[in-house]
Amino acid sequence: MSFHPSPPVSLYDLTFDQLLGTLVGDGLRPAHATTLWRALYRELDPAPNLRADFLGPLRRWLQERWEAPYTLTTADITTCISSSDGLTRKLLLRLHDAQEVETVLMGYPGRFTACLSTQAGCAMGCVFCATGQMGFVRHLTPGEIMAQLIAVQRLLRESGDALRNVVLMGMGEPLHNYDAVMQALATACRAPGMALGPSRISVSTVGVVPGIVRFTDERQPYSLAISLHAATDEERSALLPVNQRWPLSELIAACRYYMERSGAKIFFGWTLIAGRNDTPEQARRLSELLRGLNAHVNLIRLNATAGFSGVTTEDVAAAAFQKSIQDAGIPCTIRQFRGIDVAAGCGQLRSERTKPRKVASMVSEEAV
Ligand code: SAH
Ligand code: SF4
């Protein structure tokens, strides 16, 4: 019988309580767990096993166990593309099994937002999405989600900047990888580590209804965004196959449940596609659908992808759509082209990377 040693466990995959339990179980004091947690998530130390300033027991614990059984998640930046104004950086991170995921950093000094991936690929198959077009590969672990945050925090530290917001709008469907996502977010919010504010973290879902109900029941403190994109089942199912499983009536009922329980508003994302979902009729249906809900609509420009022939709505039609929603008393914002919508094209860098010319043109578009 051949012997297969277990692969090392990433410290980034442990909750604080797991780390504490492990260290205390090995005879260390609880304070060592706090020291190590701070080194990982506040100091962003890539090699805590080499620390000379740790007290003897923790130093020895790390040295004796490094690589077997413990290590850190590797997420090497293989590609980093900046928009020409330098305000948006798209990173491609390579994971231990050569899977690549995208992470985007965007914003202004003092107002940086990180856009994280939660899966390699995505099972939801939305027709206009580059990630959906590549299909599902695998879930990311909590440590792989944290590794993306650590990569962007290191970049920001180089320029003396701080991260303000986090959106889970990269590759993958967060509520399809619920446990790992919630563990990573709890890690990101924990003091004395990264200590991000939960209200500055936004979870975006295509409408996985049981996940929304669980998110509500667990009273998760993060903001919720729903990618709606269409206000009739017919049109929504054509764009988002997930609508066949959880149609609009169930989705809106889950949204209502969330709003009633949490008292929070929901951000509804709407990617404008000319002639498909930008018509006065869809605007009217959308206003009807959201009537009485504490909703905010974010209109997003469609980024062209290889597998979808739709084109984005012209400015005049987008403004008319926005006005129609606002006239119904619902706050509605058009996202700037280089804002969240750049991240909304997540999956594009990975699928375009083998075609350098296309990447170049995508970058100049983003710089608008
Ligand atoms: N799976 C989650 C989060 C990741 S996608 C979700 O669907 O909400 C993040 C956002 O990007 C979604 O609103 C999605 O509809 C949008 N998006 C995906 N592809 C896009 C594209 N080509 N152009 C514009 N927005 C896109
Ligand atoms: Fe998945 Fe979101 Fe893309 Fe749909 S839009 S395929 S849910 S990543």
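Author: Buried means under 20% relative accessible area, exposed over 50%, and partly exposed in between, with a 1.4 Å probe and protein chains only. This is a predicted model, where local features need pLDDT of at least 70 and side-chain atom pairs count only at pLDDT 80 or more, while totals for chains, interfaces and linings use all residues. Residues are numbered from 1 along each chain as its sequence is written, ligands are numbered from 1 in the order in which they are written, and side-chain values use heavy atoms, without hydrogens and water.

Reader: Why is Thr103 called buried?

Author: Its relative accessibility is 0%. The cut-off is under 20%. So Thr103 counts as buried.

Reader: What joins the side chains of Thr103 and Gln148?

Author: A polar contact of 3.0 Å. The term asks for a pair of N or O atoms within 3.5 Å; within protein, one must be able to donate a hydrogen and the other to accept it, and residues adjacent in sequence count only if both atoms are side-chain atoms.

Reader: Which residues have the most contacts inside the largest nonpolar core?

Author: Leu11, Leu149, Phe268, Leu290 and Val297, in a core of 103 residues. Such a core is a set of buried Ala, Val, Leu, Ile, Met, Phe, Trp, Tyr and Cys residues joined through side-chain atoms within 4.5 Å.

Reader: Why does this core lie between domain 1 and domain 2?

Author: Domain 1 (9-71) and domain 2 (75-342) both give residues to the core, so it lies between them. The bounds come from an automatic or database domain assignment.

Reader: What surrounds ligand 2?

Author: Its surrounding residues include Cys122, Met124 and Glu173. Near means a heavy atom within 4 Å.
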